[in-house]
Amino acid sequence: MPATPAWPPRSAPRLFVVPELAEGAMVTLEGNPAHYLARVMRVAAGDTVILCDDITGEWAAEVAYAGKRHVEVRVIRQMRGREHVPDFWLCPALIKRDRFYMVLEKATELGAARIVPVITRRSVVDKLNLERAQTVVVEAAEQCARTALPDLAAPAPLDRLLRDWPAGRLLFFADEQGGAPVGDALRESEMAAILVGPEGGFDDAERAAIRQLPQARPISLGPSILRAETAALAATALFMALAGDWRG
Ligand code: SAH
């Protein structure tokens with residue numbers, strides 16, 4: 001069936017699935033994906049759904065069977081390849097759960113390639129439900145029709161993050177005590193990362209350790225002390241505008 005403006009319908013449900021997709025493949029969905037399609041979206045045989053596998057890209061598929069416990073779909077044709085996202089990492093210190101989930105959701109929408117949660121001395125929270133966090137990321141990507149998921153790492157203590165920091169990647173360190181104007185610093189920095197502290201900020205020893213990293217570049221996000229989640233998302237948006245995929 002040729003792709004026409006009317007097909008597949010924009011309203012077609014969109015899901016990330018595990019198997020690598022290919023034309024003609026039959027995919028059996030169980031658990032939450034099956035529940036979403038059968039019970040929430042009430043799909044029936046013959047309906048169209050959009051599947052992404054975070055490898056080959058986005059495919060139109062047709063529901064072959066919709067039951068209470070599983071849904072079978074037949075992959076029909078590829079619509080888009082997996083998109084290229086800027087080589088940008090967001091390293092946000094863990095903060096209170098709901099606010100952190102909001103950071104994950106917005107960083108996914110904005111196109112972060114990798115998200116590395118950081119455990120710091122003043123982190124109020126030092127654990128992350130990775131399964132729930134991954135669901136937040138997948139749902140954010142589905143909702144904004146991205147074909148690529150950010151790689152969500154397990155939380156890393158700050159000292160380990162710095163010890164293992166990759167040689168060729170700049171680490172822009174959002175420092176409320178001062179740094180380069182972010183507009184100047186982020187421009188044209190292809191392989192980059194932004195590190196943001198927790199609600200209570202970094203302590204002096206942490207700040208010194210970060211600044212000792214050769215790849216570290218302290219940046220200022222203006223004269224006000226922003227909430228951690230505001231700083232993380234504002235800095236990510238600025239990166240996309242100055243060095244990411246908002247440059248057209
Ligand atoms: N220690 C601060 C609060 C930290 S704000 C205080 O109470 O005074 C949380 C994090 O957001 C900071 O660690 C920093 O990474 C970032 N941040 C907030 N405002 C910023 C600014 N104006 N410039 C750079 N980073 C900022």
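This is a predicted model: local features need pLDDT of at least 70, side-chain atom pairs count only at pLDDT 80 or more; totals for chains, interfaces and linings use all residues.

Colleague: Where is aspartate 203?

Modeller: Aspartate 203 sits in the loop between β13 (192-196) and α6 (204-212). Helices (H or I, at least four residues) and strands (E, at least two) are DSSP runs, numbered from the N terminus.

Colleague: Is aspartate 203 buried or exposed?

Modeller: Aspartate 203 is buried, at a relative accessible area of 14%. Buried means under 20% relative accessible area, exposed over 50%, and partly exposed in between, using a 1.4 Å probe and protein chains only.

Colleague: What does the side chain of aspartate 203 make a polar contact with?

Modeller: With the side chain of arginine 121, at 2.7 Å. A polar contact is a pair of N or O atoms within 3.5 Å; within protein, one must be able to donate a hydrogen and the other to accept it, and residues adjacent in sequence count only if both atoms are side-chain atoms. At the start of α6, a side-chain oxygen of aspartate 203 also comes to within 3.1 Å of the backbone nitrogen of alanine 205.

Colleague: And which residues of α6 are buried?

Modeller: Glu206, Arg207 and Ile210. Looking down the axis of α6, these buried residues fall within an arc of 100 degrees, so they line one face of the helix. The arc is taken from the directions from the helix axis to the C-beta atoms. Asp204 and Gln212, on the other side of α6, are exposed.

Colleague: What covers the buried residues?

Modeller: The cover includes α4 (158-163), β11 (170-174), β13 and β14 (216-220), with contact meaning heavy atoms within 4.5 Å.

Colleague: Switching to charges. How many salt bridges?

Modeller: The count comes to 17 salt bridges, a salt bridge being a side-chain nitrogen of Lys or Arg within 4 Å of a carboxyl oxygen of Asp or Glu.

Colleague: Which one involves arginine 80?

Modeller: Arginine 80 pairs with glutamate 58, at 2.8 Å from N to O. Arginine 80 is in strand β5 (residues 70-81) and glutamate 58 in strand β4 (residues 57-66), so the pair ties together parts 22 residues apart in sequence. Arginine 80 is partly exposed at 36% relative accessibility, whereas glutamate 58 is buried at 6%.

Colleague: Back to the helix. What does arginine 211 pair with?

Modeller: Aspartate 175, with the closest N and O atoms 2.8 Å apart. That pair links aspartate 175, in the loop between β11 and β12 (180-181), to arginine 211 in helix α6, 36 residues apart. Aspartate 175 is buried at 2%, and arginine 211 is partly exposed at 41%.

Colleague: And arginine 207?

Modeller: Arginine 207 meets glutamate 176 in a salt bridge, 3.4 Å from N to O. Arginine 207 is buried at 7%, while glutamate 176 is partly exposed at 43%. Salt bridges that share partners join Asp175, Glu176, Arg207 and Arg211 into one network.

Colleague: Last topic. Which element gives the most to the lining of the largest pocket?

Modeller: That is α3, with 8 residues. The lining has 21 residues, and Phe16, Pro33, Thr135, Val138 and Glu142 lie nearest the pocket's centre. On a 1 Å grid over the protein atoms alone, a pocket is an open set of points where a 1.4 Å probe fits, with protein on both sides within 12 Å along at least five of seven lines; lining residues have an atom within 4 Å of a point.

Notes: Residues are numbered from 1 along each chain as its sequence is written. Side-chain values use heavy atoms; hydrogens and water are left out.
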